[in-house]
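Student: I am new to this structure and would like to learn how to read it. Can we go through some features one at a time?

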Amino acid sequence: VIRIAKREKKPIPQGVPCSICQMFGSTSQKGRVVFHDAPIQTQEKAIQPIQRTHVAIDRETGTASPRALTTIETIPRGPEFVGSVGFTNPEDWMIGAMIYVLETIIPQIGLGAKTTSGYGQLAVKVGDPKFVLFPKEKDHSPPDPKAFREDCRKAWYDKSKILPPQE
């Protein structure tokens, strides 16, 4: 049994955008995150798509719809894709949030359509961050990538109140 206590609705302070709006933007502010394409990296450039046919389900009855087959195109397991996420003037917690989502959430829930049918399952490996500093300053060097990642993770855990994973 799950019991949910009523909570008081706290008004959102005017002029303070939510965390999602700060990262991805809103109608009143530009986002700070850009997702770049993830081209295939597997040696086999000629990966053959697979056509899979499924019976459509009637949402109201939960049964098979008469004469309603759907066909989707998938790729076989195994190909590797490499993509990147860009940030413009991020706060540390934003990078920590992205690392958390990519390493923890996406592998659990999948990506794309039909994840409840087993599609869209993937493993994500987050590499070390690369820094582009503007303007390029002679005496300014980027931080150590591994230490920076850990600082960003800590900033996200502090902001979100999510407990870090136990190792």
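Student: In which sense do strand β2 and strand β3 pair, and over how many bridges?

Tutor: A general point comes before the case. In a regular strand, side chains alternate between the two faces of the sheet. The model here is a predicted one. In it, β2 covers residues 50-57 and β3 covers residues 64-74, and the two strands pair in the antiparallel sense over seven bridges. Ile50, for instance, has Thr74 in β3 as its bridge partner.

Student: How many residues lie between β2 and β3 in the hairpin?

Tutor: Six residues separate the two strands of this hairpin. In the turn, Gly62 has a positive phi of about 75 degrees.

Student: Now the helices. At what angle do the axes of α2 and α3 cross?

Tutor: The general idea is that two packed helices are described by the angle between their axes and the distance between the axes. For α2 and α3, the axes cross at roughly 90 degrees and come within 7 Å.

Student: Which residues make the contact?

Tutor: On the α2 side they include Trp93, Gly96, Ala97 and Tyr100. On the α3 side, Cys152, Trp156, Tyr157 and Lys159 are among them.

Student: How many aromatic pairs does a search of the whole structure find?

Tutor: The search finds four. One of them joins Tyr100 and Trp156, with 6.4 Å centre to centre and 45 degrees between the planes, and this pair is tilted. Tyr100 belongs to helix α2 (residues 92-109) and Trp156 to helix α3 (residues 145-160), so the pair ties together parts that are 56 residues apart in sequence.

Student: Are Tyr100 and Trp156 buried or exposed?

Tutor: Residues under 20% relative accessible area count as buried. Tyr100 has 18%, so Tyr100 is buried. Trp156 has 16% relative accessibility and therefore counts as buried.

Student: Why is the pair of Tyr100 and Tyr157 called edge-to-face?

Tutor: Planes over 60 degrees apart count as edge-to-face. The planes of Tyr100 and Tyr157 are at 85 degrees, with ring centres 6.2 Å apart, so the pair is edge-to-face. This pair also links distant parts of the chain, since Tyr100 is in helix α2 and Tyr157 is in helix α3, 57 residues apart. Both Tyr100 and Tyr157 are buried.

Student: Which residues form one aromatic cluster?

Tutor: The cluster is formed by Trp93, Tyr100, Trp156 and Tyr157.

Student: What lies over the face of Trp93?

Tutor: Lys159 does, at 4.6 Å from the ring centre.

Definitions and conventions. Residues are numbered from 1 along each chain as its sequence is written. This is a predicted model: local features need pLDDT of at least 70, side-chain atom pairs count only at pLDDT 80 or more; totals for chains, interfaces and linings use all residues. Side-chain values use heavy atoms; hydrogens and water are left out. Rings of Phe, Tyr and Trp (its six-membered ring) pair if their centres lie within 6.5 Å; planes under 30 degrees apart count as stacked, over 60 as edge-to-face and the rest as tilted. Helices (H or I, at least four residues) and strands (E, at least two) are DSSP runs, numbered from the N terminus. Buried means under 20% relative accessible area, exposed over 50%, partly exposed in between (1.4 Å probe, protein chains only). A charge sits over a ring if NZ of Lys or CZ of Arg is within 6 Å of the ring centre and within 35 degrees of the ring normal. Two strands pair if DSSP finds at least two bridges between them. Axes are lines fitted to C-alpha atoms, for helices over the stretch in contact, and angles run from 0 to 180 degrees between N-to-C directions. Contact means heavy atoms within 4.5 Å.
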